[in-house]
Structures are given as C-alpha cells and as structure tokens.
Amino acid sequence: MLNSQIQLDFNSFHNTISSVGVELQKFESDAKSQDELVLEVFKKHSELAWFEVQSYLPDMNEVSLKRSISNLKTKGKLEKTKSLVMGIYGKQTHKYKLCQQ
C-alpha cells in the first residue's frame, strides 16, 4: 500500500500509453516541469480557470494544462473554488486557487 501512495504522490505523468524506461522518465520529467509552471502561475494570481492559466502559458497544450491542474489539486496544492466563469467553449467552468497551507 505504501508503494502505491508514493507513486500517487510523485507521478505527474499519467502513463496511459504504457511507456517504459527512458521514454517514461522523460514524459514524467516533462509533466513535473509543467506542474511546476502551472503552480508558479497560481502563486502570482489569486483565482484562475484553466483557460486563464493557458493565457500565461501559451505553449502548453490544453490537455497537459488540465492534467497539471488535476495533479496539483490531487496533491493538495490547488483547490477548486465555487467561482464559475464562462469558458471558451460556452460553458461555465470552475476557477482554482492555491490551497491555504
């Protein structure tokens, strides 16, 4: 059980394509770097929706950005707020903010 908890705490890449070895290490490293970039944006701005974060990180694709937000939420770094904003696809979307630590 402890090993699976450690894996959950440290894996940023969601290995749905069964990568192994050096390739998996690179994907994990890239995902952790993306998580760090997203976290830095939240440290500078109070509440943001995913597409607002994307405006600060235009080179990060939507899927990677949403994965990073999900990872950071799971790791207790971000929390979903009750604030909703109209998203770019015409639907309400939640904003996120840094967790109070």
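The protein chain exposes about 7000 Å², of which carbon and sulfur atoms supply 54% (Shrake-Rupley method, 1.4 Å probe). This is a predicted model, in which local features need pLDDT of at least 70 and side-chain atom pairs count only at pLDDT 80 or more, while totals for chains, interfaces and linings use all residues. Residues are numbered from 1 along each chain as its sequence is written, and side-chain values use heavy atoms, with hydrogens and water left out.

**Overall make-up**

- The chain has four helices and three strands, where helices are DSSP runs of H or I with at least four residues and strands are runs of E with at least two, numbered from the N terminus.
- Their order from the N terminus is α-α-β-α-α-β-β.
- Of the 101 residues, 33% are buried (under 20% relative accessible area; exposed is over 50%, partly exposed in between; 1.4 Å probe, protein chains only).

**Sheet**

- The three strands form an open antiparallel sheet in the order β1-β3-β2; strands pair if DSSP finds at least two bridges between them.
- β1 (47-48) and β2 (78-86) are the edge strands, each with a single partner, so one side of each has no neighbour in the sheet.
- β1 pairs with β3 (residues 92-98) over two bridges, and L48 has Y96 as its bridge partner in β3.
- Helix α4 (residues 62-74) lies across β2 and β3 and runs at about 135° to β2; axes are lines fitted to C-alpha atoms, for helices over the stretch in contact, with angles from 0 to 180 degrees between N-to-C directions.

- Leaving aside residues up to four places away in sequence, V53 touches V38, V41, F42, L48, L65 and I69 (contact: heavy atoms within 4.5 Å).

**Salt bridges**

- There are five salt bridges, defined by a side-chain nitrogen of Lys or Arg within 4 Å of a carboxyl oxygen of Asp or Glu.
- D35 and R67 meet at 3.1 Å, N to O, linking helix α2 to helix α4 across 32 residues.
- D35 is buried at 5% relative accessible area, and R67 is buried at 14%.
- K75 bridges to D35 at 3.9 Å; K75 lies in the loop between α4 and β2, so the pair ties together parts 40 residues apart in sequence.
- K95 and E52 form a salt bridge at 3.6 Å, joining strand β3 to helix α3, and both residues are buried.
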